[in-house]
Amino acid sequence: MSVELLAQNCFFELSKISESLITMERLPLPPMAGPFVQSLRCIGYSMESAVADIIDNSISASASTVDIFTEWRNSDPVLAIIDNGYGMKPSGVKKAMQLGAIGPASERSIDDLGRFGMGLKTASFSQCKKLTVISRADSCDDWYGIRWDLDLVERENQWTAQIIEPADCESYLCDIGFEHSRGTAVIWNTFDRALDLTAASAERAYDRRVSALIDHLALTFHRFISGEKGTKKLTLRLNKRLIKGMDPFATRPETGRQASTLLSDETLRLGHCSIKIKAYLLPHPSSMTHTFAQRVSLNGEHHAGQGLYIYRAGRLISSGSWYRLAKVSEANKLARVQVDFDNNADHLWRIDVRKSRIDLPASLREQLRRVIIQCSKKSSTTFTRRARMPSLDLEPVWQRVYDRDRERVYYVLNRSHSALSEMLRSITCDQTRSALISIIETALPLALIKNDLSASNIKLDQDSEGLFSQSQILAENLFKAGIDLENIFNALVNDSNIGLTREQAKKIISKIEAR
């Protein structure tokens with residue numbers, strides 16, 4: 001058989017198969033509502049990332065104010081995200097509450113923070129069983145609301161939502177303190193995933209999550225909160241308390257203090273998309289006040305804050321990692337690189353539904369590596385060019401010293417520490433005093449600390465309750481040793497290893513004074 005004839009026969013057979021597929025009977029297989037909604041709940045949102053996803057919608061709706069309202073309500077907490085954006089008509093609310101109504105391929109404005117059309121539902125379902133959305137676009141209209149009740153969905157195994165009557169909408173809005181003439185309220189009730197029922201106190205565990213939420217939002221939306229050029233100015237509050245934005249690149253220091261150094265500023269092209277990269281070198285910790293350091297890094301810990309800060313349309317997506325382009329190290333702790341892309345480049349980054357994980361485009365990795373190397377060298381030089389490293393804290397117990405010649409680090413007691421120096425002066429024998437200091441400094445268990453830091457199943461950080469009780473014992477012992485209360489107060493608030501707030505320290509001092 002000739003090659004031409006064989007090819008004709010193959011084409012004929014494929015044509016018959018294709019025709020049979022066209023006439024093949026269709027079998028509709030819609031997802032079962034009950035089991036499917038439980039799968040949606042397991043996408044992997046934290047409480048912080050879930051709330052941030054809702055706030056994305058508020059920003060896309062041109063809201064200038066977003067209020068988060070939450071109350072414990074005897075183990076049945078409520079949390080609401082309230083905005084004064086342009087609101088939605090009933091058809092808009094229906095579309096927003098329908099799963100998959102807007103796909104990732106849908107055309108969006110360049111500043112739209114949405115992506116998959118699923119965030120409102122999946123973020124909410126990950127935390128609670130009842131999601132209520134109430135909105136209106138005009139103050140002359142009635143409020144319109146829809147509720148998803150997942151118990152109802154599972155019981156009936158149907159994608160059935162509930163319409164809320166206008167009068168009931170007014171009641172719900174009054175309950176959460178809604179004050180705008182238009183806008184949108186997203187209300188979460190019947191929490192299950194956001195509660196830690198294994199905790200000794202579920203309410204305290206919830207309060208800790210709310211505190212973590214404030215920190216997360218202060219960093220994620222810091223450019224909107226500060227009104228940075230190119231973003232919409234946003235006022236963000238939790239229970240009427242203003243959330244102040246972080247300043248991870250130390251560009252807005254206190255008056256008279258040093259700002260960060262901009263090492264590079266360039267725009268790269270990936271296909272039709274632009275990627276903007278800025279590399280910063282933070283000022284040395286010794287030039288930062290304690291307050292400013294807290295705005296630059298969570299808990300003032302620069303080591304954990306180093307790395308790439310990747311933003312989509314001004315909103316932080318990822319931070320605190322070098323993505324295997326450099327090592328997280330003490331030498332790199334002052335190096336931070338800002339990477340910006342618009343939502344038209346989503347396909348390059350393979351962004352996930354939660355907008356909290358991305359993959360670096362392969363074509364960008366080498367270009368970023370070059371920027372990171374330059375920034376890392378500057379960061380390392382900042383530390384190795386000086387011997388004594390003043391602490392970030394106002395009055396540290398320990399001081400870090402770098403021996404440039406031997407390239408080693410060691411730690412010494414801060415002889416000028418007010419409480420410590422007062423105790424040392426009480427030792428009248430100079431030789432005894434020197435011997436005591438020497439044995440404490442020499443016996444610092446660096447090898448054990450290093451081993452514990454490398455162990456994945458061990459945490460060195462103390463929880464806030466344990467730290468507070470230990471601080472009480474420390475204060476009482478210092479007072480019994482004859483240390484002045486003012487010096488005790490300074491020791492409690494001015495060393496991050498203790499790190500109490502001024503209010504906590506005052507509470508401890510007041511108890512001692514009352515005795």
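Which residue in β6 is the bridge partner of Val133? In this predicted model, the bridge partner of Val133 is Val186 in β6.

View 1. Strand β6 covers residues 183-191; strands (E, at least two residues) and helices (H or I, at least four) are DSSP runs, numbered from the N terminus. Eight of the nine residues of β6 are buried, where buried means under 20% relative accessible area, exposed over 50% and partly exposed in between, with a 1.4 Å probe and protein chains only. Strand β3 (residues 128-136) pairs with β6 in the antiparallel sense over eight bridges. Strand β2 (residues 78-83) also runs antiparallel to β6, joined by five bridges.

**View 2. The open sheet of eight strands.** The strand order is β5-β4-β3-β6-β2-β1-β7-β8, and the pairing is mixed. At the edges stand β5 (162-164) and β8 (241-242), each with a single partner strand, so one side of each has no neighbour in the sheet. Two strands count as paired if DSSP finds at least two bridges between them.

**View 3. Helix α19, residues 502-514.** The 13 residues of α19 should span 18 Å at 1.5 Å a residue, and the end C-alpha atoms are 18 Å apart, which agrees; the expected span is 1.5 Å times one less than the number of residues. Ala505, Ile508, Ile509 and Ile512 of α19 are buried. Seen down the axis of α19, the buried residues fall within an arc of 95 degrees, so they line one face of the helix; the arc is that of the directions from the helix axis to the C-beta atoms. An α-helix has 3.6 residues a turn, so residues three or four places apart point the same way. On the other side of α19, Glu503 and Ala514 are exposed.

**View 4. A nonpolar surface patch.** Tyr411, Leu446 and Ile449 make a nonpolar patch of about 230 Å². Areas come from the Shrake-Rupley method with a 1.4 Å probe. Tyr411 lies in strand β16 (residues 408-413) and is partly exposed, with a relative accessible area of 31%.

**Notes.** Residues are numbered from 1 along each chain as its sequence is written, and side-chain values use heavy atoms, without hydrogens and water. Local features need pLDDT of at least 70 and side-chain atom pairs count only at pLDDT 80 or more, whereas totals for chains, interfaces and linings use all residues.

Conventions
Patch = residues over 30% accessible without salt bridge, like charges linked within 9 Å, V, L, I, M, F, W, Y side chains within 5 Å. Salt bridge = Lys/Arg side-chain N within 4 Å of Asp/Glu carboxyl O.
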